[in-house]
Amino acid sequence: MAEVNTWDTEFEFALEIVKKVGEIIKNAFLRDKVVTEKSSATDLVTETDQEVERVLIKGLENKFPNYRFIGEESVAGGLKCELTHDPTWVIDPIDGTTNFVHSNPHICTILAFMVEQEVEFSIVYNPILDQLWTARRGKGAFYNGAKIQVSSCKSLGSAILVQEVGSATPDRVNMLTTNSTTFIPRVRSIRSYGSAGINLVYLAMGSVDAYFEMGFHIWDYAGPSLIVREAGGVVQDVSGSKIDYLARNILAASTPELIEQIRPNISTITMERD
Ligand code: LIP
């Protein structure tokens, strides 16, 4: 029988390089940033995002010359977002760029490794607070080396739900307003950390109980969704189907009971696929 590849070398190397680029982010964190608007004034990129992505791609490419890349800033620069069955690094150099611009520490680098369109392992690192979350398929989820698990929350009335403004297009603002009207009276409270990666790893470690978002991209949610799953959480498409990494949406919760109380009440928008 053929031996199953556990991608140990890739995982160890990825951990090292994510920590290394954390130094670049840390050094720039309290300084003035060079900021450019991408699709709108609520969709930003800094020179540090671009530098971190360049350093990650160069380092990973030197070590593993045959693997493909999907990187947030490379796609913003005009490259196609193409997910094939080949081994692929999926990169968000700084998730929570608006937080970074404002020197707000809820940021992270997200690095996912996908093979056959499934996430094999995932690394989420907040270099400012030195917080590291990792998961490998079938091997559990970890925060700074300790195994983590989602909360046991089953009732919406006892749940903390995460909602994000994201890039505030008129249709997203409408959707958020409708969903706020629906959910604020039904949940214990709402949080918004400004980074999809942080939202999902907080869910994985039981700090919040549920989260849904529409309009973001594969680099924001593919990697961290494995961490939620490996921590025992449920991750699916907002329509209730299997998660689709190019469909730009996610519904994640600590228990199936919560998912069932949330999904039928979500107001959705139609989006172009990645
Ligand atoms: C952002 C997020 C945020 C989400 C935005 C956006 P960026 O990523 O993680 O939580 O709401 O849609 O994608 O641009 O900071 O890497």
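Analyst: One salt bridge is counted between domain 1 and domain 2, a salt bridge being a side-chain nitrogen of Lys or Arg within 4 Å of a carboxyl oxygen of Asp or Glu. The side chains of Glu118 and Lys242 form a salt bridge, at 3.0 Å from N to O. Bear in mind that this is a predicted model, where local features need pLDDT of at least 70 and side-chain atom pairs count only at pLDDT 80 or more, while totals for chains, interfaces and linings use all residues. Numbering runs from 1 along each chain as its sequence is written, and side-chain values use heavy atoms, leaving out hydrogens and water.

As for the bounds, domain 1 covers 8-147 and domain 2 covers 156-265, as set by an automatic or database domain assignment. Their centres, taken over C-alpha atoms, sit 20 Å apart. Domain 1 puts 41 residues into the contact and domain 2 puts in 26 residues, with contact meaning heavy atoms within 4.5 Å.

Now the area: about 2,400 Å² is buried between domain 1 and domain 2, and carbon and sulfur atoms give 68% of that. Buried area here is the accessible area (1.4 Å probe) that two parts lose on being put together, summed over both. His106, Val119 and Trp133 supply 22% of what domain 1 buries against domain 2, more than any other three residues.
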